[in-house]
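Please look over the sequence and the structure before reading on.

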Amino acid sequence: MAKYTPETVEKICILISEDYLSIANVCDAVEISRETFYEWKKNKPEFAQAVEEAIEERQERLYRLARNAMRRKMEGYTQKIVKKKYIPSPLDPEEMELKEIIVTEKHCEPKASDIAHILKMEREERREKAEKEEKENSPSRRPIIVEVVDKETKWEMEQLPRRLNDPNYVYQPMPDDYEG
């Protein structure tokens, strides 16, 4: 069983960030139990942070790969097709001999469904961004400034949170010595 060392942490993080292994597979590779992995993650903040960074790195790499694959599909691509023809060997009819290699290239056009998918994703991202901006800039997020000119109204405004939070609140008139 592996001990908690910087080398073990580094190996775990490399396996997480560079591969598609499950946590169980990573644990097997470094010879620790899943319980140990989760115990380290719970009790060692530096380990938890390193693992999270490795996961984020892996996700970013996978996202880049997916975007590149989609870009190639959007641009179209050339597919190389190699066909090999064999004939029986004149020396030994049981053996096959390569007669010729035929290489053809086929241009694959982008698919309308791929284009539609990308456009839909872009629309959704823009809509989500607009909703987020609208929510951040909504009046409910901005502070309300109320200017009070008389002592009695100021007193009532100060009492309002108590009245709203306490169902048994009994209205109290403004005291004579109130300095508002």
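## Basis of the description

Helices (H or I, at least four residues) and strands (E, at least two) are DSSP runs, numbered from the N terminus. This is a predicted model, in which local features need pLDDT of at least 70 and side-chain atom pairs count only at pLDDT 80 or more, while totals for chains, interfaces and linings use all residues. Residues are numbered from 1 along each chain as its sequence is written, and side-chain values use heavy atoms, with hydrogens and water left out.

## Salt bridges

A salt bridge is a side-chain nitrogen of Lys or Arg within 4 Å of a carboxyl oxygen of Asp or Glu. By this rule there are 5 salt bridges.

In helix α5 (residues 112–136), Arg127 and Glu131 are 4 residues apart, so about one helical turn separates them. Their salt bridge has its closest N and O atoms 3.1 Å apart. Arg127 is partly exposed at 42% relative accessibility, and Glu131 is partly exposed at 44%.

Lys41 and Glu52 form another salt bridge, with 3.2 Å between the closest N and O atoms. This pair links distant parts of the chain, since Lys41 belongs to helix α3 (residues 34–43) and Glu52 to helix α4, 11 residues apart. Lys41 has a relative accessible area of 26% and is partly exposed; Glu52, at 34%, is also partly exposed.

A salt bridge also joins the side chains of Glu100 and Lys85, at 3.9 Å from N to O. Because Glu100 lies in strand β2 and Lys85 in strand β1, the pair ties together parts that are 15 residues apart in sequence. Glu100 is partly exposed, with a relative accessible area of 32%, and Lys85 is partly exposed with 43%.

## Nonpolar patch

Patches are made of residues with over 30% relative accessible area and no salt bridge; like charges are joined within 9 Å, and nonpolar side chains (Val, Leu, Ile, Met, Phe, Trp, Tyr) within 5 Å. Accessible areas come from the Shrake-Rupley method with a 1.4 Å probe, and for residues only the protein chains shown count as cover.

Which residues form the nonpolar patch on the surface? They are Val82, Tyr86, Met96, Leu98, Ile101 and Val103, with about 570 Å² of accessible area together. Strands β1 (77–88) and β2 (96–108) each supply at least two residues of this patch, and β2 gives the most, with 4 residues. Ile101 is in strand β2 and is partly exposed, with a relative accessible area of 47%.

## Negative patch

For charge, Lys and Arg count as positive and Asp and Glu as negative, while His and the chain ends are not counted. The place of a charge is taken as NZ of Lys, CZ of Arg, CG of Asp or CD of Glu.

Glu18, Glu53, Glu56, Glu57 and Glu60 gather in a patch of negative charge on the surface. Helix α4 (residues 45–75) provides the largest share, 4 residues. Glu60 is located in helix α4.

## A buried serine

Ser17 lies in helix α1 (residues 6–18). Its relative accessible area is 5%, so Ser17 counts as buried. Leaving out residues up to four places away in sequence, Ser17 touches Ala54, Glu57, Arg58 and Arg61, where contact means heavy atoms within 4.5 Å.

Note on methods:
Buried means under 20% relative accessible area, exposed over 50%, partly exposed in between (1.4 Å probe, protein chains only).
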